[in-house]
Amino acid sequence: MQRNRPPSPQTVSVLRALAADPARWRYGYDLVTEVNLKSGSLYPILVRLADRGLLETSWEPGVDSRPPRHLYRLTGAGREFVAALAAAHGSPRTVVRSRRRLSEA
Amino acid sequence: MPFFLVLLLTPIGVAIALYRRNPRRFLDGPTEDVPLRLLRWAISLLSPQRAEWGQAMLGELAHLDGRLQRMRFAVGCTGAALTLPPWGRAGAGLWAMTGITAASFAIYAGLVVDFRLGTGGWILLAVFAIICVGYLLGVSALLRRSGVALPGLLGVVFATLVWLGLSGLTAVDQVTFIPSGWQKGVTMLAVPAAIGAACTLWRRDPATGRRAARLAALTAGLLELLYASIAVAILGGGGPPDQDGGYTIRGTVSDRLGNNIAHLAINTVFIALVGWAAAALTGYLVRRPPTPDARLIADPTQET
């Protein structure tokens with residue numbers, strides 16, 4: 001069952017941070033510092049966004065002995081969702097409608 | 001009194017045992033510090049579908065340098081790993097235990113309000129909330145381990161049925177039951193030992209048996225707590241008088257709620273400890289000794 005709850009303020013902050021430069025791949029810790037969220041809050045948000053197809057992920061190969069690093073950026077659907085979010089000016093109903101459209105697409 | 005000594009000494013004993021087994025567990029190593037060890041443990045709790053996210057957290061931690069920064073990141077990720085919902089049987093078990101715990105808490109809170117138990121009641125309710133969260137985090141961690149959910153949850157059913165069989169099913173039975181010597185032996189020794197041994201034999205792995213015993217301990221405590229809380233809600237301050245006598249209605253309700261929490265703690269400690277020991281002993285006893293041929297291959301100098 002697809003839930004159509006409006007996104008939380010933290011999720012909106014992450015989406016906006018990612019949408020600031022949508023073509024750029026971002027590191028998890030960069031988002032932690034930029035959005036001022038704890039890692040324990042950020043990763044569940046990233047997991048949910050990726051599950052819903054709003055976020056794409058990639059791996060940056062490890063350098064020296066360091067392991068590969070995960071990268072994130074918005075998908076096309078994610079950009080469309082953020083645009084709908086911005087257009088809604090915080091009106092939850094519009095956001096819900098746009099999410100319903102996305103889930104039906 | 002012996003129970004309280006056990007409750008007091010158990011955590012100390014477990015900490016000493018863990019330290020003796022691996023002193024570096026609590027110390028930084030040359031290549032692995034505490035945040036890395038913590039995060040490695042946490043991501044081992046993630047379901048296979050989420051394994052990539054665990055690697056993402058590890059990769060990110062490897063690029064952080066400050067000790068405080070690393071610790072904060074690792075603690076946050078550990079919280080995320082514990083609260084990200086598990087899948088399948090583990091997920092169903094966790095939701096069921098969350099529901100049972102929430103129901104117990106709601107009944108407890110309702111009784112505190114209904115009987116106006118005052119500041120002491122609210123303090124005990126706050127302590128109870130912390131205990132509930134701790135239990136659920138423990139259940140969440142154990143349920144995610146491979147092969148633990150089903151034997152652990154069957155162990156819960158077994159322990160709870162034996163307890164209810166001995167105490168009786170009615171509300172009065174629940175608030176007045178004081179186990180005799182042999183009943184204590186059954187509920188605190190025989191049943192936990194059977195759970196630990198059976199889980200080890202079933203999974204053929206002492207580590208899984210020990211985890212299943214711990215899971216059974218936590219969940220049996222929560223399940224019996226719910227039953228006992230319902231009993232207190234049904235009776236309130238009524239029912240048979242307490243043996244001590246002289247209580248007000250509020251005092252009686254408060255006393256019964258306190259007894260339930262004490263039973264939760266004692267039950268958990270005994271099932272976990274005895275089950276853990278039985279699982280370890282069973283694993284030791286059923287461990288197959290190497291065959292003579294295998295010994296010869298391993299040590300050719302003994303071939304004369």
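This is a predicted model: local features need pLDDT of at least 70, side-chain atom pairs count only at pLDDT 80 or more; totals for chains, interfaces and linings use all residues.
**View 1. The loop between α2 and α3 of chain A holds A:Asn36.**
Helices (H or I, at least four residues) and strands (E, at least two) are DSSP runs, numbered from the N terminus. The phi of A:Asn36 is positive, near 60°, in a residue other than glycine. Most residues other than glycine have a negative phi. A:Asn36 is exposed, with 9 other C-beta atoms within 10 Å.
Residues are numbered from 1 along each chain as its sequence is written, and chains are lettered from A and ligands numbered from 1 in the order in which they are written.

**View 2. An open sheet of three strands in chain A has the order β1-β3-β2.**
The pairing in this sheet is antiparallel. β1 and β2 of chain A stand at the edges with a single partner strand each, so one side of each has no neighbour in the sheet. Two strands pair if DSSP finds at least two bridges between them. Strand β1 (residues 26-27) is joined to β3(A) by two bridges, and A:Tyr27 stands opposite A:Leu71 in β3(A). Strand β2 (residues 55-60) is joined to β3(A) by six bridges; here A:Thr57 has A:Tyr72 as its bridge partner. Strands of a sheet pair through backbone hydrogen bonds, either parallel or antiparallel.

**View 3. Chain A meets chain B through 14 residues of chain A and 16 residues of chain B.**
Two residues are in contact if their C-beta atoms, placed from the backbone, lie within 7 Å. On the side of chain A that touches chain B, the elements giving two or more residues are α2 (28-35), α3 (39-51) and β3 (69-74). The largest share, five residues, comes from α3(A). By class, this side of chain A has seven nonpolar, four polar and three charged residues. Ala, Val, Leu, Ile, Met, Phe, Trp, Tyr, Cys and Pro count as nonpolar, Asp, Glu, Lys and Arg as charged, and the others, Gly among them, as polar.

**View 4. The largest nonpolar core has 88 residues.**
A nonpolar core is a set of buried Ala, Val, Leu, Ile, Met, Phe, Trp, Tyr and Cys residues joined through C-beta atoms within 7 Å. B:Met57, B:Cys77, B:Ala213, B:Ala216 and B:Ile271 have the most contacts inside this core. α10(B) gives the most to the core, with 14 residues. Domain 1 (1-84) and domain 2 (88-286) of chain B both give residues to the core, so it lies between them. The domain bounds come from an automatic or database domain assignment. Leaving aside residues up to four places away in sequence, B:Cys77 touches A:Ser39, A:Gly40, A:Tyr43, B:Leu39, B:Ala42 and B:Met57. In soluble globular proteins, nonpolar side chains tend to be buried together.

**View 5. Helix α7 of chain B covers residues 149-167.**
Chain B has 12 helices and zero strands, and 37% of its 304 residues count as buried. At 1.5 Å a residue, the 19 residues of α7(B) should span 27 Å, and the end C-alpha atoms are 27 Å apart, which agrees. The expected span is 1.5 Å times one less than the number of residues. The buried residues of α7(B) include B:Pro151, B:Leu153, B:Val156 and B:Trp163. Among the elements that cover the buried residues of α7(B) are α5 (88-114), α6 (118-143) and α11 (249-286) of chain B. After the helix comes B:Gly168, whose phi is positive, near 100°.

**View 6. B:Leu166 has its place in helix α7 of chain B.**
B:Leu166 is partly exposed, with 17 other C-beta atoms within 10 Å. Not counting residues up to four places away in sequence, B:Leu166 touches B:Pro179, B:Gln183, B:Val186 and B:Thr187. The C-alpha atoms of B:Leu166 and B:Lys184 are separated by 9.9 Å, with the two residues 18 apart along the chain.

**View 7. The loop between α9 and α10 of chain B holds B:Arg204.**
The phi of B:Arg204 is near 55°, a positive value in a residue other than glycine. B:Arg204 counts as exposed, with 11 C-beta neighbours inside 10 Å.

Key. A residue is buried if 20 or more other C-beta atoms lie within 10 Å of its own, exposed if 12 or fewer, and partly exposed in between; C-beta atoms are placed from the backbone.
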